[in-house]
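Visitor: I've never read a protein model before. Could you walk me through this one, feature by feature?

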Amino acid sequence: MGVGETIVSPTLFSPRMGRLIWKDRRGDGGVFTVRFLRRLVRGDVRRPRMILVRPLLPLEEAADGMGTAGPGHESSEASGSPIPGTLDGVERRLRDLLGEGSPDVIMRRLVIWTNPEIDAMLLYIEGLASRDIINLIALRSVMLAERVPTLDASALGRDNIASVFMTHVVPSGQIAVLSSIDKVVEHVLTGEAALFIDGARQCVVFEAKGWEHRGIEEPHTEKVVRGPREGFSELLRANTALVRRRLRTPDLRMDSMKVGRRSKTDIAIAYVEGLTNPRLVATIKERIDHIDTDILPDSGVLEEFTEDYPYSPFPQMQYTERPDRFCAGLSEGLVGIIVDGSPMALMAPGNLASFFQSPEDYYERFPYGGPLRALRFISAAIALTFPALYVAISLFHQEMLPTKLALAIAGSHMPVPFPVLVEALLMEVALELIRESSVRLPDPVGQTMGFVGALLLGDAAVSAGLVSPIMVIVVAVTGLASFTIPHYPTGLAIRLLRFPLLLLSAWLGLFGLMAGLMAIALHLGALTSFGVPYLEPLMKPRPALRDVVWRSPVFTFNKRPEYAEPLDQVRQKKFIRTWKPEVAAKARKEPRKGGSDDGEGGEDRGDRGGHGR
Amino acid sequence: MIVFATGFLAAARILVPAAGTAAWISALIGGAIGLGIAGLAGMLAARFPDQGLVGMAERVFGAPLGKLIGLTFVAYCSVVLGLGSRESVLAIWIAFLQTTPPVLISSVFYLLIIYAAYLGIEAIARVSLIFFSLVVISLVLLTALAIPVAAPTRLLPIVGNGLRPLIHGGFLAASYAAESVVVLAFIRHLKDKRGASRAMATGVAVGMVVMSTATGFGVMMLGVRGISRVTFPVLETARMVGFGQFLERAEILFLALWFSAALLKLAAVFYASITSVADVLGLRDYRPLIIPYALLGTALSLIPKTVLETFDYLGMFVKYSVWYAIALPVALLIGALVRGSRRGGESVSDRDAR
């Protein structure tokens with residue numbers, strides 16, 4: 001049976017039009033599958049001698065052909081315990097592995113209508129495997145299909161019957177033949193189904209995932225007024241599909257990994273080949289490889305396992321619920337990590353500036369995007385320092401204020417029995433209480449609770465003479481400011497650091513505040529995320545002004561941000577709006593002026609040019 | 001990576017008596033001298049791209065002499081550190097917290113320096129880059145606000161007390177710029193060696209322009225006599241400026257920024273100094289030296305007993321240190337030329353500019 005053999009049995013249908021067979025020097029051989037490629041890469045296979053295309057074969061001959069190929073086929077899987085020879089043995093073994101009393105473990109005995117008939121058993125987990133797929137693929141194709149009776153079961157050996165079933169009987173896209181029962185169980189627990197055949201040492205495992213899950217909803221944590229409303233959900237495949245749909249480049253890679261000894265959580269490492277720095281991808285994979293834990297309930301846990309400085313209050317990875325933001329990150333050379341069961345996808349490396357960006361900055365026209373971005377930085381400064389500043393000034397540096405204001409502050413503080421620090425701490429703690437309680441409460445109640453708590457508490461505290469009205473204003477402004485930061489953990493970090501600053505400024509006045517700020521600044525200066533300095537995008541004034549503390553028009557983003565060290569710096573053509581005569585003239589002048597390097601030409605448009613080389 | 005000396009706070013106090021109304025020109029002359037020093041340092045950097053100062057000295061003069069030169073450098077740094085920290089602490093004490101014991105301020109200050117040194121030069125450099133722009137912005141703002149209060153006639157006569165005092169003042173000012181020699185100690189950490197001298201030059205130039213403006217405005221607002229009477233003339237200048245009806249006496253905000261700049265500068269000096277000590281002793285990690293050296297620095301900063309004495313010392317130091325700062329790179333360069341060790345020189349590849 002060489003190349004070009006004719007199809008003898010035209011009734012036989014296989015999704016593949018032909019097969020590739022490889023043979024090893026040691027006589028090892030098998031079907032050309034992805035697994036083979038993997039083995040080739042691993043170096044298990046020594047120089048495969050020939051890889052030839054073989055057209056579809058009649059069952060009997062295919063069975064013969066598989067006979068030689070079969071054993072080598074799954075040799076890499078043979079590490080686990082083998083599949084028992086009889087179905088009863090298989091069932092006993094499965095009951096050992098999966099326990100006696102789990103009603104969701106379904107072992108369905110059935111008879112395959114071959115000639116002569118074969119006993120078989122279907123194993124799947126109810127709820128994980130889709131009922132439709134089980135009924136349609138497994139039961140129908142095996143029990144009802146009209147071509148099964150032509151299969152001469154007696155001619156098929158124990159070793160290759162499973163392979164024949166895989167190639168010829170079970171119509172499923174993702175299908176494999178496994179010979180280790182532990183592996184089979186592992187697959188079944190991810191939602192696949194397994195068909196054990198009496199007497200065979202191998203078993204057919206095919207894709208049957210179909211569990212209940214939450215649909216695609218609007219993201220809850222990153223709301224925008226303008227922009228897509230799709231959010232990630234808990235289902236890894238749905239999430240990867242959302243990403244694929246927005247990033248259709250063939251270079252998009254979704255490398256899969258598993259974390260958790262018990263949870264065996266799937267993880268997809270997403271990046272764009274040829275754009276993302278391979279060193280970054282390797283670092284991230286290596287760190288994930290090192291994780292040895294029981295379960296991985298959420299991407300947040302993964303973040304803590306892999307970040308550079310787990311003791312820093314500042315988050316070092318971005319997370320997002322939005323596929324659009326995720327894809328934007330990937331296109332800038334970041335590496336995305338999607339964890340199964342978590343709607344929050346991670347992006348690395350993170351840096352301080354990235355936590356101040358909201359996707360809306362880009363979706364809204366730039367005249368609003370820029371000021372909004374700047375507003376967020378200002379509000380971060382307010383959230384961090386405003387109470388401390390108030391305390392420092394009112395305790396130590398009253399002379400800084402105009403006399404009237406100083407008098408007003410002093411007057412409002414008159415009836416308050418506490419020192420300013422205690423007053424501030426009291427209000428800050430109350431604010432945090434309101435915030436925390438409104439997060440924990442159900443949505444509609446939470447909002448009401450927040451308002452009621454803030455209004456009533458503030459008003460009552462003032463009229464009871466416990467705090468001064470100015471302090472209420474200070475704390476309220478601070479609270480508002482801290483909520484404008486789009487990245488929740490960054491807001492948390494800022495809120496957390498407010499307290500030491502408050503204490504320092506009550507102790508040493510503005511000097512204490514400055515000392516605290518300096519300590520924070522130095523800490524930020526030393527912080528890295530996957531080796532990338534945390535303050536990197538702020539280091540150069542031009543890119544910083546273009547898309548960090550301000551947002552310039554999108555047609556000026558010629559270059560990608562440098563911090564992720566993408567392999568390809570150029571994002572878009574430098575002159576895009578060439579339908580405009582002035583721009584076209586400039587674009588024509590450009591190559592004559594300074595060659596390909598766009599430092600010089602950018603000068604005349606203040607916002608242009610990825611300068612700095 | 002710009003670590004520039006922000007020693008302009010008390011500068012006017014020293015310059016004005018020397019050069020009179022022309023103190024601001026002195027500052028500019030000092031800037032020119034400082035630029036020269038930066039150029040020398042840049043040449044050295046090109047010659048020894050991955051050596052610390054001690055390494056350079058050892059390569060040029062041999063191990064024992066090189067180590068000795070390293071020690072003189074450490075001594076220089078220590079004096080800068082001691083005086084600088086004393087000056088800063090004093091300024092904070094006088095302007096901020098007159099009721100707080102200076103020891104407390106001093107220890108907080110040193111804690112921060114220790115922390116910065118522990119984190120290393122990268123953190124210091126990054127933060128200083130950010131604060132640099134903040135300081136410049138605040139100074140420009142301050143200058144703009146000061147314009148209505150200033151009286152340019154006080155700057156007359158332009159040459160002040162004559163040409164000789166003018167140049168003399170220039171050298172005094174240069175000693176502030178000269179502190180940029182400490183960059184030599186961490187040039188090996190720079191990614192872009194060729195950019196080093198340019199960055200240094202920028203730092204010195206900006207520092208000196210700032211110093212000149214500050215002095216000039218100080219004179220314009222207070223007059224020569226006024227300046228000689230107050231401790232920190234720039235502070236007094238700032239004190240006269242108000243942000244409309246919103247903030248009066250902006251000097252505190254201003255001082256806060258200045259404090260951060262001084263802190264960063266001293267942290268850099270501290271770092272340069274301990275890494276040099278580590279080089280001399282042949283240690284691989286400089287971190288164990290942090291605490292002992294910090295104690296030493298604190299002790300040094302306590303030597304002057306009074307405010308006045310501090311300024312006497314400062315004046316003395318300023319007179320002589322500039323010669324050291326010029327002599328050190330010149331000696332190294334001449335030594336290197338004599339030795340003819342032209343390794344590295346041109347082949348320095350400019351990798352990612354930072």
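**Two helices side by side**

Guide: Let's start with a pair: helix H14 (residues 420-440) of chain A and helix H17 (residues 488-526) of chain A have axes that come within 10 Å and cross at roughly 170 degrees. Helices here are DSSP runs of H or I with at least four residues, strands are E runs of at least two, and both are numbered from the N terminus. Keep in mind that this is a predicted model, where local features need pLDDT of at least 70 and side-chain atom pairs count only at pLDDT 80 or more, while totals for chains, interfaces and linings use all residues. Residues are numbered from 1 along each chain as its sequence is written, and chains are lettered from A and ligands numbered from 1 in the order in which they are written.

Visitor: How are H14(A) and H17(A) oriented to each other?

Guide: Two packed helices are described by the angle between their axes and the distance between the axes. Axes are lines fitted to C-alpha atoms, for helices over the stretch in contact, and angles run from 0 to 180 degrees between N-to-C directions. Under 35 degrees counts as roughly parallel, over 145 as roughly antiparallel, 65 to 115 as roughly perpendicular, and the rest as oblique. H14(A) and H17(A) are therefore roughly antiparallel.

Visitor: Which residues of H14(A) and H17(A) meet?

Guide: On the H14(A) side, Leu421(A), Ala424(A), Leu425(A) and Glu428(A) meet Arg498(A), Phe499(A), Leu502(A) and Ala506(A) of H17(A). Contact means C-beta atoms, placed from the backbone, within 7 Å.

Visitor: Now a sheet, please. What is the strand order in the open sheet of five strands?

Guide: Strands of a sheet pair through backbone hydrogen bonds, either parallel or antiparallel. Here the order is S9-S10-S12-S13-S11 (chain A), with antiparallel pairing. Strand S9 (252-259) and S11 of chain A are at the edges with a single partner strand each, so one side of each has no neighbour in the sheet. Two strands pair if DSSP finds at least two bridges between them. S10(A) and S12(A) have four bridges, and Ala268(A) has Ile338(A) in S12(A) as its bridge partner.

Visitor: Which strands does H7(A) lie across?

Guide: H7(A) lies across S9, S10, S12 and S13 of chain A, at about 10 degrees to S10(A). H10(A) packs on the sheet too, touching S10, S11, S12 and S13 of chain A, and its direction makes about 55 degrees with that of S10(A).

Visitor: Why is H10(A) called largely enclosed?

Guide: A residue is buried if 20 or more other C-beta atoms lie within 10 Å of its own, exposed if 12 or fewer, and partly exposed in between. Seven of the nine residues of helix H10 (residues 323-331) of chain A are buried, so the rest of the structure largely encloses this helix. Among them are Pro323(A), Phe326(A) and Leu330(A). After H10(A) comes Gly333(A), with a positive phi near 95 degrees.

Visitor: Is Val416(A) buried or partly exposed?

Guide: Val416(A) has 19 C-beta neighbours inside 10 Å, so it counts as partly exposed. Val416(A) is in the loop between helix H13 (403-413) and H14 of chain A. Its C-alpha atom is 5.4 Å from that of Leu466(A), although the two residues are 50 apart along the chain.

Technical notes:
Contact = placed C-beta atoms within 7 Å.
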